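This briefing goes through one protein model by topic. Please keep the sequence and the structure at hand while reading.

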Amino acid sequence: VVNAAGPWVRSILDSSLLAHNSTPHVRLVKGSHIIIPKIFEGEQAYLLQQPDKRIVFAIPYETDFTLVGTTDVPFEGDAMMPVIDEDERQYLCDAINRFFEEPVSPDSIFRTYSGVRALFDDGAGQAQKITRDYHLELDVSSGAPILSVFGGKLTTYRVLARHAVDKITGAQVNANWTAKSPLPGGDIEGGDVQKFHDMQAQKYTFLSQPLLIRLARSYGTRMDMMLEGCLSLRDMGRDFGDLLYEVEILYLIRYEFSKTAEDILWRRTKLGLHLEKKHKLALEAAMPDFIQKAFAQ
């Protein structure tokens, strides 16, 4: 059994009476981002050194916006519902205002999002000093072996997974192939993204340039699965505005586990930043029919 429950990794062991005196704990730390109207031109991102010795990023985001983050504060609430607070809003605005000529304020914020990091508790005092490394705990004393993952982050996910497999199998399985194997859709010839865009433009002449680029960047070679049989925009099905068509929705339901309009607009894409409210409501209303259609074929 692999217990990779993030913020709940220790509570699962506690509730199952599987924790021991030596079982580690996690420290929950909240990180929040703000999305503001675009404050600089170009595709470059900025790394902004702060007086508290932390860094904040300003990143071009979804064409019309700048993404600013992140914060790093202790968290004790419901890990399912982390929400940015006013101090975090002001902290990120101040971080921008130290470096950019165009001032921003909490009123400038278009949208926010927050997450909870489940960090391996190494006894450090300040949140920003807690280790970002992961810890794997294998328990073979309670019946079936249980591997619990404490800590970890997106940038180390592949190495963490490899070490977890090694821990379970005793390194009898070669997990090193993951270092060079592309993720689904990433098998672009020679890794030449521009050449891939040009090839797709020749193949799908009916796609506008913005739509072609978005689908190519989002799905890579898997956009061919999505557009199979499509010879025109009409073949892509219902248009929900701002370049969102039925074929993409059906693909996301079939292959990327989307179940709700929120999944599609925010968790799989960021089209929620662009779609008008009437189109969002139309998508919500249509989702039950799309789910039935996706699995009926």
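Predicted model: local features only at pLDDT ≥ 70, side-chain atom pairs only at ≥ 80, totals over all residues.

The protein chain holds nine helices and nine strands.

**Whole chain**

- The C-alpha trace of the protein chain spans about 65 × 50 × 40 Å along its principal axes.
- Of the 297 residues in the protein chain, 38% are buried.
- Among contacts in the protein chain with a separation of 6 or more, 60% are between residues 24 or more positions apart.

**Helices α4 and α5**

- The crossing of α4 past α5 is right-handed.
- On the α4 side the contact is made by F196, H197, Q200 and A201, and on the α5 side by L212, I213, A216 and R217.
- By class, this contact of α4 with α5 has five nonpolar residues, two polar and one charged.

**Helices α5 and α7**

- Helix α7 covers residues 246–255, and its axis lies 13 Å from that of α5, at an angle of about 10°.
- Angles under 35 degrees count as roughly parallel, so α5 and α7 are roughly parallel to each other.
- R214, L215 and Y219 of α5 are in contact with E248, Y251 and L252 of α7.
- The contact of α5 with α7 is made up of four nonpolar and two charged residues, with no polar ones.

**Helices α8 and α9**

- Helix α8 (residues 261–268) packs against helix α9 (residues 277–296) at an angle of about 125°, and the two axes are 8 Å apart.
- That angle makes α8 oblique to α9.
- From α8, A261, I264, L265 and W266 take part in the contact, and they meet K280, L283, E284 and M287 from α9.
- Six nonpolar and two charged residues form the contact of α8 with α9, and no polar residue is among them.

**Residue R214**

- R214 is located in helix α5.
- R214 has a relative accessibility of 17%, and the cut-off for buried is under 20%, so R214 counts as buried.
- Apart from neighbours within four places in sequence, R214 is in contact with L243, L244, E248, T269 and L271.
- One of these, E248, belongs to the α7 side of the contact between α5 and α7.

**Residue K38**

- K38 sits in the loop that runs between β2 (26–37) and β3 (46–49).
- K38 counts as partly exposed because its relative accessibility is 36%, which falls between the 20% and 50% cut-offs.
- With neighbours within four places in sequence set aside, the contacts of K38 are T63, D64, F65 and T66.
- K38 and G143 are 105 residues apart along the chain, and their C-alpha atoms are separated by 55 Å.

**Cysteines**

- Zero disulfides are found in a search of the whole structure.
- C93 has 0% relative accessibility and therefore counts as buried.
- C230 is also buried, because its relative accessible area is 8% and the cut-off is under 20%.

Key: Residues numbered from 1 in each chain as written. Heavy atoms only, no water. Disulfide = S-S within 2.5 Å. Buried < 20%, exposed > 50% of the residue type's maximum accessible area, 1.4 Å probe, protein only. Left-handed = near helix turned anticlockwise from the far one by under 90°. Helix = DSSP H or I, 4+ residues; strand = E, 2+ residues; numbered from the N terminus. Contact = heavy atoms within 4.5 Å. Nonpolar A, V, L, I, M, F, W, Y, C, P; charged D, E, K, R; others polar. Axes fitted to C-alpha atoms, helices over the stretch in contact; angles between N-to-C directions. Parallel < 35°, antiparallel > 145°, perpendicular 65-115°, else oblique.
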